[in-house]
Amino acid sequence: MRYLIDSCVWIDFFNKKMYFQSVSQLLTDNLAFVNKIILAEIIPSAQLFKELDLVNCLAGIPALSLEIDWDEIMEIQYQCLKNGINKLGLLDIAIVQNAKQNNMEVFSTNRHMMLLCKKIRVGCKTA
């Protein structure tokens with residue numbers, strides 16, 4: 001299975017050395033992916049704090065193209081709100097939609113992201 005790795009996992013991987021075995025194996029097996037949303041969440045801060053290893057690593061990971069379906073985003077947001085899942089950002093929904101479009105799972109430790117994955121039937125690896 002291929003994984004779209006969420007920004008929270010990358011930050012913990014580089015800053016706290018968490019999920020080292022899981023992420024390293026995905027990188028070795030060429031099963032780790034990012035997209036422009038995830039890169040935009042991480043790279044500016046990494047550049048500001050001169051975390052060049054992080055920037056260079058992320059630059060070498062395949063980035064999925066984004067094809068945001070805004071009608072689907074609105075429907076997902078509506079369904080989530082209707083079911084009491086109300087702390088989701090549109091970017092999180094777009095990340096999960098991107099994984100779904102590419103037949104991938106999301107690797108995230110964010111509780112809201114996990115609820116979202118479950119709601120729209122996208123696999124979610126947690127560690």
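What follows is a short exchange on strands, salt bridges and a surface patch.

Modeller: Keep in mind that this is a predicted model.

Colleague: Which strand pairs with E1, and in what sense?

Modeller: Strand E1 covers residues 3–5. Tyr3 stands opposite Ala32, which belongs to E2. Two bridges link the strands in the parallel sense, and the partner of E1 is E2.

Colleague: What is the bridge partner of Val34 in E3?

Modeller: E3 spans residues 63–64 and runs parallel to E2, with two bridges joining them. On the E3 side, the residue bridged to Val34 is Ala63.

Colleague: Are the residues on the two faces of strand E2 buried or exposed?

Modeller: Strand E2 takes in residues 32–35, with Ala32 and Val34 on one side.

Colleague: How many salt bridges does a search of the whole structure find?

Modeller: One of them joins Lys16 to Asp12, with the closest N and O atoms 3.7 Å apart. Another is formed by the side chains of Glu72 and Lys100, at 3.4 Å from N to O. For the whole structure, the search gives two.

Colleague: How many residues apart in sequence are the parts tied together by Glu72 and Lys100?

Modeller: The side chains of Glu72 and Lys100 meet in a salt bridge. Glu72 lies in helix H5 (residues 70–82) and Lys100 in helix H6 (residues 90–101), so the pair ties together parts whose separation in sequence is 28 residues.

Colleague: Are Glu72 and Lys100 buried or partly exposed?

Modeller: Glu72 has 22% relative accessibility, and Lys100 has 40%.

Colleague: What accessible area do the residues of the nonpolar surface patch have together?

Modeller: The patch is made up of Leu66, Ile68, Trp70, Met74 and Leu90. Leu90 is in helix H6, and at 45% relative accessibility Leu90 counts as partly exposed. Together the patch residues have an accessible area of about 480 Å².

Key
Residues numbered from 1 in each chain as written. Predicted model: local features only at pLDDT ≥ 70, side-chain atom pairs only at ≥ 80, totals over all residues. Heavy atoms only, no water. Salt bridge = Lys/Arg side-chain N within 4 Å of Asp/Glu carboxyl O. Helix = DSSP H or I, 4+ residues; strand = E, 2+ residues; numbered from the N terminus. Buried < 20%, exposed > 50% of the residue type's maximum accessible area, 1.4 Å probe, protein only. Patch = residues over 30% accessible without salt bridge, like charges linked within 9 Å, V, L, I, M, F, W, Y side chains within 5 Å. Areas by Shrake-Rupley, 256 points an atom, 1.4 Å probe, with all protein chains shown as cover. Pairing = 2+ DSSP bridges.
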